[in-house]
Amino acid sequence: MPPAPAAGMQGYPPYSGPTAPAQMPQQPGYAPQSQPGYPQPAQQGYPQQAQQGYPQQAQPAMGDVTQQFSQMGLGPNPQEYQVAVLGGRPQLSMLDEEPPSIKLPPNAQCVPSPYVICPPSHKRSTLNAVPKTDKLLKKTKLPFGLIITPFKTQEPGEEQIPTAPEIVRCRRCRAYINPFVQFVEGGRRWKCNLCGLNNDVPLYFDYDSATQTQKDRWKRPDLNHGVIEFIAPAEYMVRPPMPPVYVFIIDVSYASVQLGMPEVVGQTILSALDSIPNVDGRSKVAFIAIDSALHFFQIRPDTTEPHQFVISDLEDVFLPSPKDLLLNLNECRAGIETLLSRLGSMFKDNHSVGNTLCPAIHSARKLLGNLGGKIIVMLASPPTFGEGKIEIRPEGKDLGTARESELLRPQNTWYKNLAADCSRVQIAFDTIFFGQQPMDIATVSGLARHTGGSQLYYPSFMASREPEVQRFKAEFTHHLSANIGLEAVLRIRASKSLRMTSYYGNFFLRSLDLLALPNVTPNHSYAVEVEIDETLTAPVVYFQTALLHTTSYGERRIRVSTLALPTTDNIHTVFHKADQVAIASLMAKKAVDRAIVAKLEDAREALQHKTLEIIGAYKTECTRSSSGATTQLQIPRSLQLLPFLTLASLKHTSLRSGNNVFPVVRMTAIDFVLTLPAEQGVQPYTVPRMISLHDLPAEAGHPDKETGQIVLPPLLGLSAEVLSPQGIYLLHDGHDMFLWLGRDASASVCHSLFNVQDVRTIPSGVITIPDLSNGSDTAAPGFEVNFQVKNIIGRLNGLCGNLWSPVVYVCKEDGEALLRLMLAQRLVEDMDTSAPSYQQFLNQLRDKINRGNF
């Protein structure tokens, strides 16, 4: 038997293979990489790059020497280094552009693979060129941080994340091997790109002992991909992988019954049973109904009839039947279906006004024990029993005053402390609120915020309102069907001299660099601020994120993403490589966090002050009018929309001033700002998309012949000036949609959209756009606009990951004042009672910068 060749071990010959493959094969779904000596075709999806990781677009012919300097980042790309003058209408189409290009030095990666750059949808830096010193960073006033989406769902058409069965880590910093390591000593050892330690190359890198054949190390997924998943071995488990477990705590008090909530909730869960992750048949569910007592439901596998236990002694809660309350979804399916189908009728005559949420949570913890799981709390009334009892605080007189900030803080620490305890035993919470009865969401929402959960709110919910019911059913079904990660921890590592300082999102911070996530929700994002402790001497710095989790099908995995960023000592490069979408997202997350822990007014002032500092720093350091007054403010094209995005955040529900935003609405908006990825959080949630429907291009609403994606019409400015009395417009902010009808809107377009003969018969308020396609994939004769609009709405919802199922509000030009106000609050360019118009805001910024008053 021939000996197994290996590297890095005494007694074995050194690695004698090639130092790098000549050319990696192109794979579908990824853009090719630019490498010296390797041809690269044009590819759509990323901006022009002269370095590996981003596709290269067609560019004018250039000499070899010039091209080499450009690839090394020494030759500026004229488009990337453009300077804009602040003024005029904001170009909202820029929000759909890719971030500034990441230009790495030649040979920064060990394999010329097209997949080594971490996609911005997984990890996005505010700066794509990192200052070498903290002094330079502070001179720019730019925030340095990351927006991380560690458990991003791959959308249809996206390449699946590759899997590697073998884990190779640095002995010192415990970083995972990645495309940016270096092989030294003839390939026997690899040098960690984060800490610089030389590590032995494992035997199995080059030899398969099972088949006794040579292996090509350069084809390893972990050396070719910036995002990868490892299948974790037994040493990464402290117990067998847990199954998906869901405990539903459902409010059945009088307030809930009046809304029809038990009936709708029961029917929704019933229809979603097949969507709950249950690949291996281990998923478990339990149901606890609450009013002034606790209602447990026992279901045995051999029966279809549930048995109800009512516990009214709340001083020392016990489980009436510990073994038959947590139900296997497969074994007890018939009984579960019976219970859910009867849930509404069981409590239809209930007049109890109490709410025993706190004892119910204690019971759920006992029920789950050390197994862990998710507790989904569904409330229509405030908790009235136990340590977490809520005292309703008067709201109206404090709205719009300095005392309003007090309403955003929890009135007790019971929920936060409970969440911290539950996090240690892998229990997470989702909180869902119904109706408009005061429930002090600021206090109860601590359950979700400190366990990595989600928060939803349906203020207009009533069983008789079909659009609201359909919204809840669609969103809750999507939520239940998500392939969540279980018993997860998230660790972020960085190159030497870089340090993470602050974190934002829904999690429990277990240590300085470890986030505990009992359940990790797909597409939830987390923001982290970074500081530079010492001068960066390396040409590239690295951030590596590792999410250790259990999949919903019982496999322990580690998703690792590695982001490489070049360093620079040129302040112009720092500014022009700044990512305005990531900056706006980080600044918004910081602001809403400050609104909770400090004051709303402090959060607004800090947000505006940071924007002033950034523009002022660029004027001082990078323009000719560094010390004098100027009539026009200049800013890099990469930051051209930053003032507009700041104004949009100031006008958003999460930070809007005035006395018309109730705490429950503001807290729900704050939760979305904290958890949404940068792309969705900025647009459409903060900056809505608005399009005209009366003059749709012929191709709009139809699949593109090349990509297959639905073509969207051009975006309009967010101003009432673009609204014509003859027009029909759609505004989409993700959560809601507004259909604006001018007083002289075209009757033919309305007929093609709604199938009505008279425009005046279209009611104001919530409507459902009818489906007039007759079930076909083409437009029915005479209803082309309806077909286009339905497809456009589907595409817009898809851009939000189908997180929401928006309700459509018809707002007429001469219609109800409240609807017109709701729409006007989303027209960011216009002045309203909460903030100035965009042009006024720019003038204020210019005047303060000229006076040095910031």
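## Reading a predicted fold, feature by feature

Author: Welcome! Let's start with overall size: for 854 residues, a compact globule would have a radius of gyration near 29 Å, and the protein chain agrees with that, at 28 Å. Keep in mind that this is a predicted model.

Reader: Glad to be here. What box do the C-alpha atoms of the protein chain fill?

Author: Taken along the principal axes, the box is roughly 80 × 75 × 60 Å. Inside the chain there are 20 helices and 32 strands.

Reader: What average pLDDT does the protein chain have, and where does pLDDT stay under 50?

Author: The average is 88, and 91% of the residues score at least 70. Residues 1-75 are the stretch where pLDDT stays under 50. For that stretch the model has 157 contacts beyond four places in sequence.

Reader: Now the helices, please. What describes two packed helices?

Author: The general idea is a pair of values: the angle between the axes and the distance between them. Take helix α17 (residues 747-754) and helix α18 (residues 784-799): their axes are 6 Å apart and the packing angle is about 60°. The two are therefore oblique to each other, and α17 passes α18 in a right-handed crossing.

Reader: Which residues in α17 and α18 meet?

Author: From α17 come V749, S752 and L753, and they meet E784, V785, N786 and V789 of α18. By class, the residues of this contact are 4 nonpolar, 2 polar and 1 charged.

Reader: Let me try another pair. At what angle do the axes of α4 and α10 cross?

Author: Helix α4 (residues 261-272) and helix α10 (residues 466-481) cross at roughly 45°, with axes that come within 10 Å. That angle makes α4 oblique to α10. Here too the handedness can be read off: α4 passes α10 in a right-handed crossing. On the α4 side the contact is made by V264, V265, T268, I269 and A272, and on the α10 side by V469, F472, K473, F476, T477 and L480. Those residues divide into 8 nonpolar, 2 polar and 1 charged.

Reader: Let's turn to the backbone. Which residues does a cis peptide bond join?

Author: Look at Q683 and P684, where omega is about 20°. P684 lies in helix α16 (residues 678-686).

Reader: And phi: what value does N107 have?

Author: Phi of N107 is near 65°, which is positive in a residue other than glycine. You will find N107 in the loop between β1 (83-85) and β2 (123-125).

Key
Residues are numbered from 1 along each chain as its sequence is written. This is a predicted model: local features need pLDDT of at least 70, side-chain atom pairs count only at pLDDT 80 or more; totals for chains, interfaces and linings use all residues. Side-chain values use heavy atoms; hydrogens and water are left out. Axes are lines fitted to C-alpha atoms, for helices over the stretch in contact, and angles run from 0 to 180 degrees between N-to-C directions. Helices (H or I, at least four residues) and strands (E, at least two) are DSSP runs, numbered from the N terminus. Angles under 35 degrees count as roughly parallel, over 145 as roughly antiparallel, 65 to 115 as roughly perpendicular and the rest as oblique. A crossing is left-handed if the near helix is turned anticlockwise from the far one by less than a right angle, and right-handed if clockwise. Contact means heavy atoms within 4.5 Å. Ala, Val, Leu, Ile, Met, Phe, Trp, Tyr, Cys and Pro count as nonpolar, Asp, Glu, Lys and Arg as charged, and the others, Gly among them, as polar. pLDDT is the predictor's confidence in each residue, from 0 to 100. The radius of gyration is taken over C-alpha atoms; the globule rule is 2.2 Å times the number of residues to the power 0.38.
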